[in-house]
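Hi there,

Here is the structure I promised to pass on to you.

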Amino acid sequence: MAHKIGFIGLGMMGLPMVKNLIKAGHSLIVYDVDRAAMDSLSDSEALKASSPAELSAQSEITITMLPSTPHVKEVATGPQGILEGIKAGSIYIDMSTILPTYTRELATIFKSAECKMLDAPVSRGQPAAIKGTLSIMVGGEKEIFDQCLDVFKAMGTDIYYCGQSGNGAVVKLVNNLMIGIIAPAISEALVMGIKGGVKLETILEVIKGSSSNSWMLENFFPLTVFNGSFKPGFKLDLMKKDLGLVHEFALQLPVPLFLGALSQQLFEIAHMEGIGDLDFTSISQIYENLAGVKPRFS
Ligand code: NAD
């Protein structure tokens, strides 16, 4: 069933997600603070709103794909925000990676405006956003999840219902805590192997058939580090932001965070080194620069 969808945040992820929603037959109205991002869609593809409130007033479903918690807070509840325009009975889906406790607060705020909210962060990065093969983890009422399934299916292939409001956001932080630890672990181990005198291709062939293989080693590193290209799909500064969210959430619960804290420091250092706008896998450069070798395809 085609829906009238408002989409806010046309960045690395949002723009290809919008294109896939249009391809699936939904009608789109979009908004971004960056005019150039708005201009990347033609007038025939999508209507352009002048504020989140104007957008939500015209949408059955409003989606946000914004950098982090403060951006979502401003766009959802600030002046000229979604809440000012949204009609009772409409649905708001936040697909950004934000603090789960804030997601739950926001769901309560939207409930008092007689609207339903889902948290539906995504994984697998920009290549999957382009192909429409995202993994999407959703929290909120099951009935609303079911109503939105065709919308999620336009953007992803693996759609998971995780339970009550905020659970999608929690699972997303679990995922990103793991990748925040795994990316430096892969870098550290490969730099050791290369400096130890073995070719990258040889190491990869063995690891792919051994116990330490991982999705990230097979899918992300070959696109960036191994080719010596650090063009961002998922910016290092966004990974740093996510580890900050993990840190805040872990303190709220509370739970221990040994490796997560270490990884957060590594990404802070990489940011200070001036590589925050590169892909997050460029964390490898910290090891490469210290050891003087690079894990690259020959
Ligand atoms: P991005 O920085 O490329 O895009 C964010 C967009 O939001 C930009 O176009 C920006 O102009 C817009 N924006 C910022 N503030 C705004 C405001 N107040 N009103 C309207 N628009 C505003 O980020 P991205 O890489 O697309 O990531 C978006 C979210 O998805 C983040 O929470 C990120 O952690 C998450 N995520 C990203 C990836 C990835 O690979 N890039 C993967 C999974 C999840």
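S123 lies in strand β7 (residues 122-123); helices (H or I, at least four residues) and strands (E, at least two) are DSSP runs, numbered from the N terminus. Before I go on, please keep in mind that this is a predicted model, in which local features need pLDDT of at least 70 and side-chain atom pairs count only at pLDDT 80 or more, while totals for chains, interfaces and linings use all residues. Residues are numbered from 1 along each chain as its sequence is written, and side-chain values use heavy atoms, with hydrogens and water left out.

Back to S123, which is buried, with a relative accessible area of 14%. Buried here means under 20% relative accessible area, exposed means over 50%, and partly exposed is in between (1.4 Å probe, protein chains only). Beyond its neighbours within four places in sequence, S123 is in contact with L134, S135, M137, K172 and N175, where contact means heavy atoms within 4.5 Å. With N175 there is also a polar contact from side chain to side chain, at 3.4 Å. A polar contact is a pair of N or O atoms within 3.5 Å; within protein, one must be able to donate a hydrogen and the other to accept it, and residues adjacent in sequence count only if both atoms are side-chain atoms.

The strands β7 and β8 pair in the antiparallel sense over 2 bridges; two strands pair if DSSP finds at least two bridges between them. On to β8 itself (residues 134-139): 6 of its 6 residues are buried, so this strand is largely enclosed by the rest of the structure. In a regular strand the side chains alternate between the two faces of the sheet. In β8 both faces are covered, with L134, I136 and V138 buried on one side and S135, M137 and G139 buried on the other. β8 also pairs with strand β9 (residues 156-163), in the parallel sense and over 6 bridges, and Y161 in β9 is the bridge partner of V138.

Strand β1 (residues 4-8) is mostly covered, with 4 of its 5 residues buried. It runs parallel to strand β2 (residues 27-31), joined by 5 bridges, and I8 stands opposite Y31 in β2. Helix α1 (residues 14-23) has 7 of its 10 residues buried, so α1 too is largely enclosed by the rest of the structure. Those buried residues are G14, L15, P16, M17, V18, N20 and L21. Just after α1, G25 takes a positive phi of about 100°.

Which residues touch the most other members of the largest nonpolar core? They are F7, M95 and F152, in a core of 62 residues. A nonpolar core is a set of buried Ala, Val, Leu, Ile, Met, Phe, Trp, Tyr and Cys residues joined through side-chain atoms within 4.5 Å. Helix α8 (residues 142-155) gives this core its largest share, 7 residues. Apart from this core lies another, of 29 residues, among them V191, I194, L204 and I275.

S96 sits in the loop between β5 (91-94) and α6 (100-112) and counts as buried, at 3% relative accessibility. A polar atom of its side chain lies 2.9 Å from the backbone nitrogen of L66, and a polar contact of 2.6 Å joins the side chains of S96 and D94.

L66 brings us to the ligand. Of the 27 residues around the ligand, M13, D32, L66, P67 and G233 come nearest; a residue is near a molecule if one of its heavy atoms lies within 4 Å of it. Oxygen atoms of the ligand lie 2.9 Å from a backbone N or O atom of L66, 2.9 Å from a polar backbone atom of M13, and 2.9 Å from an N or O atom in the side chain of K241. Taken alone the ligand exposes 840 Å², and the protein buries 89% of that. Accessible areas come from the Shrake-Rupley method with a 1.4 Å probe; for residues, only the protein chains shown count as cover.

Enjoy exploring the model!
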